Amino acid sequence: TDADQEVLEIPADEAAERVVNGRFDVILDVRQSEEYKLLHIPGAVPMPLNTLKEGVREKLSNPAASILIYCSVGSRSLEAVKILKDMGYPNAVSLEGGIAAWDEKGYPVAK
């Protein structure tokens with residue numbers, strides 16, 4: 001059943017609420033650095049998808065960490081969540097719709 005499916009992504013509203021309440025240990029931006037420089041979620045750590053595996057091992061020693069991952073529209077971050085789950089980080093979720101959905105809803109962004 002669907003209920004047994006792991007949650008891979010959450011909508012912007014839920015993500016924002018969790019961010020505000022400090023429920024994520026880390027927010028990862030898996031876009032390229034040029035994209036990050038233009039616009040990102042405040043406090044997000046830039047970690048382009050192609051550097052994810054090395055970067056996570058280096059920066060995230062706690063496999064139980066609660067991780068929010070986002071990209072532009074949600075496809076790269078979904079891929080990143082699957083990579084992290086395979087690496088033994090079960091609490092990673094992707095921001096559905098990416099920063100585009102986040103920004104569209106008026107949630108805070110940094111430049």
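This is a predicted model: local features need pLDDT of at least 70, side-chain atom pairs count only at pLDDT 80 or more; totals for chains, interfaces and linings use all residues.
1. Strands β2 and β4 run parallel and are joined by four bridges.

2. On its other pairing, β4 meets β5 in the parallel sense over three bridges. Here L68 stands opposite V93 of β5. Between these two strands the chain passes through α4, and the β-α-β crossover from β4 to β5 is right-handed.

3. The whole sheet is open and has five strands, in the order β1-β5-β4-β2-β3, with parallel pairing. Its edges are β1 (9-10) and β3 (45-46), each of which pairs on one side only. β1 is held to β5 (residues 92-95) over two bridges, again parallel; E9 has S94 of β5 as its bridge partner.

4. Side chains in a regular strand alternate between the two faces of the sheet. In β4, I67 and I69 point one way, L68 and Y70 point the other way, and all of them are buried.

5. Helix α4 lies across β1, β2, β4 and β5, and runs at about 175 degrees to β5.

6. The largest nonpolar core has 18 residues, and those touching the most other members are L28, L52, V56, I67, I69 and L84. At least two residues of this core come from each of β2 (26-29), α3 (52-59), β4 (67-70) and α4 (75-86). The biggest contribution is that of α4, with four residues.

7. Within that list L52 deserves a look in the viewer. Setting aside residues up to four places away in sequence, L52 touches L28, V30, M47, A80, I83 and L84. Apart from this core lies another, of 16 residues, including I10, A15, F24 and L39.

8. The side chain of D29 makes a polar contact with the side chain of Y70, at 2.7 Å. Y70 is itself one of the buried residues of β4.

Key: Residues are numbered from 1 along each chain as its sequence is written. Side-chain values use heavy atoms; hydrogens and water are left out. A nonpolar core is a set of buried Ala, Val, Leu, Ile, Met, Phe, Trp, Tyr and Cys residues joined through side-chain atoms within 4.5 Å. Buried means under 20% relative accessible area, exposed over 50%, partly exposed in between (1.4 Å probe, protein chains only). Contact means heavy atoms within 4.5 Å. Two strands pair if DSSP finds at least two bridges between them. Axes are lines fitted to C-alpha atoms, for helices over the stretch in contact, and angles run from 0 to 180 degrees between N-to-C directions. A polar contact is a pair of N or O atoms within 3.5 Å; within protein, one must be able to donate a hydrogen and the other to accept it, and residues adjacent in sequence count only if both atoms are side-chain atoms. A crossover is right-handed if, with the strands pointing away from the viewer, the path from the first strand over the helix to the second runs clockwise.
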